[in-house]
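Hi everyone, thanks for coming. Today I'd like to walk you through a few ring contacts and a couple of backbone details. Please have a look at the picture first.

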Amino acid sequence: MEKRNATAAVIGVGDFIGAEIAKKFAAEGFTVFAGRRNGDKLQPTLQQIEQAGGTAFGRSLDARKEDEIVKFLTDADKEAPLEVCIFNVGANVNFPILETTERVFRKVWEMACYSGFLAGREAARLMLRRGRGNIFFTGATASLRGGVGYSAFAAAKFGLRAVAQAAARELGPQNIHVAHLIIDSGVDTAWVRERRKARMASTACRLMY
């Protein structure tokens, strides 16, 4: 593996998509800074990266807190120039509109939209000093349309897409590439499998009657 003098910061390194993103950039020679709310859960991903010959640092990170985002990205940039920042915080919840509390709506917006703004702004601040960089935001089907029970999630993801579009138009001419990437699929997790089983059972019952 050819080592790069560059860092990729991944915010929202869950056990699935986030972990695979971190491992991919490490495999391409980037030093990876991985952050998630519970940093202890990063150990399996960090070990896999190191066993494959890569370099990675993990940290507990609440992406809704400005000071934590600033320190996380600044430390990443000190390790090696920050060339890539990936924002992958999910916050996927499903509640009927009448059961969506003010707290739920606000918290989902903070996690999936506001924290993305913070990450993008601070990454851009560091990248502009060198006149290059890449900022990626992961979206979902909810970034384009609201579904039943997804008012909070869709509102936050719509907002994140708007942040990405505005940043792309402003930063593109300054050689900072910004992209919003829609991950339009279900990930093979226990939660997804249970939801599929429940949906299939419900469909079967309707067909029987």
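Let's start with a term we'll need in a moment: a charge sits over a ring if NZ of Lys or CZ of Arg is within 6 Å of the ring centre and within 35 degrees of the ring normal. Please keep in mind that what you see is a predicted model.

Now, which residue lies over the face of Phe158? That is Arg161, at 5.4 Å from the ring centre.

Next, rings with rings. A pair of aromatic rings is described by the distance of the centres and the angle of the planes. How many aromatic pairs does a search of the whole structure find? The search turns up seven. Take Tyr150 and Phe153: their ring centres are 6.3 Å apart and their planes stand at 55°, so this pair is tilted. To be called edge-to-face, the planes would have to be over 60 degrees apart.

Are these two residues buried or exposed? Tyr150 has 17% relative accessibility, so it counts as buried. Phe153 has 5%, so it counts as buried too. Elsewhere, ring pairs join Phe33, Phe57 and Phe72 into a cluster.

Let's finish with the backbone. Ala91 is not a glycine, yet its phi is positive, about 70°. You'll find Ala91 in the loop between strand 4 (82-87) and helix 4 (102-127). With 15% relative accessibility, Ala91 counts as buried because the cut-off is under 20%.

Asn175, also a residue other than glycine, has a positive phi near 70°. Its place is the loop between helix 5 (151-171) and strand 6 (176-182).

Key. Residues are numbered from 1 along each chain as its sequence is written. This is a predicted model: local features need pLDDT of at least 70, side-chain atom pairs count only at pLDDT 80 or more; totals for chains, interfaces and linings use all residues. Side-chain values use heavy atoms; hydrogens and water are left out. Rings of Phe, Tyr and Trp (its six-membered ring) pair if their centres lie within 6.5 Å; planes under 30 degrees apart count as stacked, over 60 as edge-to-face and the rest as tilted. Buried means under 20% relative accessible area, exposed over 50%, partly exposed in between (1.4 Å probe, protein chains only). Helices (H or I, at least four residues) and strands (E, at least two) are DSSP runs, numbered from the N terminus.
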